[in-house]
Structure formats: structure tokens, C-alpha cells
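Subject: Handover of a structure

Dear colleague,

Please find below the structure that I am passing on to you. I would ask you to look through it first and then to read the notes that follow.

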Amino acid sequence: MSIETISLSGRKVQVSNKEMTFLERLYLVAIVKGLIITLKHLFTRKVTIQYPEQVRTMSPVYRGQHMLKRDEQGRENCTACGLCALSCPAEAITMKAAERKADEKHLYREEKYASIYEINMLRCIFCGLCEEACPKDAIYLTTSKVLVPSSYEREDFIFGKDRLVMPLDMAIKNAQLNNAN
């Protein structure tokens with residue numbers, strides 16, 4: 001048995017090196033085919049939109065900026081279980097858990113909370129796996145069109161709890177909407 005006949009995948013194909021004809025060596029046929037494709041695209045409708053006047057519709061599965069939810073009393077939902085950080089394929093989420101003190105009952109729902117919760121937006125791919133992994137429904141990706149503001153400093157792209165936690169007035173409005181439904 002020779003090395004030429006062995007195939008581990010079973011899909012080995014013998015390639016032939018046939019000589020090119022004179023027309024094939026001139027590449028005229030390939031050039032003409034390319035020009036035909038270019039002419040076809042020249043007469044098709046353009047997809048450019050005039051942005052300020054026309055607004056492109058967003059996809060129904062669009063995922064925007066991250067937000068950490070609060071409950072109706074303004075307490076954070078996150079219990080620092082770490083499932084969002086484990087499910088993140090880009091490893092963009094880091095957190096540090098801490099025990100709740102007696103005087104912090106109005107801030108956190110459970111005994112354990114995330115004292116440090118950071119998302120590196122330079123690494124995040126906005127896949128939404130963190131949102132699906134969270135058992136407490138604490139993190140979600142909003143539908144806002146603002147993703148990450150531009151900056152020249154790398155530190156500005158690491159979002160901490162100061163930029164991720166839902167504002168209190170928004171949490172109260174969400175609770176009122178949920179109670180109305």
C-alpha cells in the first residue's frame with residue numbers, strides 16, 4: 001500500500017494538471033465575465049439611504065447596550081452567580097462577589113451581590129448569551145441605538161456598575177408597567 005492511495009477522510013480526489021488552451025491563457029473569457037457582472041451591478045437599485053431624512057428599520061433581534069436591572073423597590077437583581085461571565089464567549093464580563101451587610105438590605109435582593117461588575121465593551125460581541133444565562137433576569141441588552149460612545153482611552157470602554165445599573169426612575173416605571181399588565 002503506497003502513501004498516494006491512503007486517505008483518512010475518504011474524500012481524496014486526484015487532481016489533474018491539464019494544459020491550458022491559448023484562450024484560457026489570455027484570460028479574455030474571465031475578463032469578459034467580470035465585465036458582465038460589473039454591468040449588471042451598474043443597473044441595479046442602490047441600497048444607500050439618506051440618513052437624517054430616512055431612518056433604517058432595526059432588526060427584530062437587535063441587541064444594544066447592556067443594562068443591569070433593578071426590581072420595583074430599586075434593589076439590584078444580580079446575585080453574582082457568575083453564569084453570565086461563564087457563558088460569555090469573548091470573556092468580556094468580570095465580577096467580584098461580596099456578602100451583603102445588614103444595613104444594605106435596601107440595595108440588594110439576596111445575601112450575595114456583585115461588588116464589582118464590569119463589561120469590557122472592546123471585547124463584547126453583543127451575542128446576548130449573558131442575557132440568556134442569567135437565572136435572575138438581571139442583565140439584558142436594550143434596544144437603544146446607542147452602543148458604546150467613542151473615545152481614545154481604553155479605560156472608557158470598560159463599563160462598571162456606574163454605567164450599567166438601571167436608573168432608579170426607569171426601574172419604577174418598569175415596575176408600574178409590569179403591574180398594569
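Does threonine 142 count as buried or exposed, and what is its relative accessibility? With a relative accessibility of 12%, threonine 142 falls under the 20% limit, and it therefore counts as buried. Please bear in mind that this is a predicted model. Threonine 142 lies in the loop that runs between strand 4 and strand 5 (158-159). Apart from neighbours within four places in sequence, threonine 142 is in contact with Tyr62, Arg63, Gly64, Gln65 and Met67.

In soluble globular proteins, nonpolar side chains tend to be buried together. The largest nonpolar core here has 22 residues, and those touching the most other members are Ile93, Tyr117, Ile119, Met121, Ile139 and Leu164. At least two residues of this core come from each of strand 3 (112-120) and strand 4 (139-141). Strand 3 gives the most, with three residues. Beyond residues up to four places away in sequence, isoleucine 93 touches Cys84, Ala85, Cys88, Tyr117, Glu118, Ile119 and Cys130.

An unreviewed UniProt entry carries the annotation "binding site" for Cys88, Cys124, Cys127 and Cys130. These residues are spread over 43 residues of sequence, yet they cluster in space, with a largest C-alpha distance of 10.5 Å. Two of them may be described further. Cysteine 88 is located in the loop between helix 3 (83-87) and strand 2 (93-99), and its relative accessible area of 12% makes it buried. Cysteine 127 is located in the loop between strand 3 and helix 4 (129-133); its relative accessible area is 25%, and it is partly exposed. Leaving out residues up to four places away in sequence, cysteine 127 touches Arg63 and Pro89.

Finally, I turn to the aromatic rings. How many aromatic pairs does a search of the whole structure find? The search finds one. A pair of aromatic rings is described by the distance of the centres and the angle of the planes. The ring centres of tyrosine 108 and tyrosine 113 are 3.8 Å apart and the planes are at 15°, so this pair is stacked. Tyrosine 108 and tyrosine 113 are both buried. Charged groups also sit over rings: the charged end of lysine 69 is over the ring of tyrosine 140, 5.0 Å from the ring centre, and the charged end of arginine 163 is over the ring of phenylalanine 159, 3.9 Å from the ring centre.

Yours sincerely,
A colleague

Key. Residues are numbered from 1 along each chain as its sequence is written. This is a predicted model: local features need pLDDT of at least 70, side-chain atom pairs count only at pLDDT 80 or more; totals for chains, interfaces and linings use all residues. Side-chain values use heavy atoms; hydrogens and water are left out. A nonpolar core is a set of buried Ala, Val, Leu, Ile, Met, Phe, Trp, Tyr and Cys residues joined through side-chain atoms within 4.5 Å. Buried means under 20% relative accessible area, exposed over 50%, partly exposed in between (1.4 Å probe, protein chains only). Helices (H or I, at least four residues) and strands (E, at least two) are DSSP runs, numbered from the N terminus. Contact means heavy atoms within 4.5 Å. UniProt positions are given in the numbering used here, feature names are shortened, and annotations may be inferred rather than shown by experiment. Rings of Phe, Tyr and Trp (its six-membered ring) pair if their centres lie within 6.5 Å; planes under 30 degrees apart count as stacked, over 60 as edge-to-face and the rest as tilted. A charge sits over a ring if NZ of Lys or CZ of Arg is within 6 Å of the ring centre and within 35 degrees of the ring normal.
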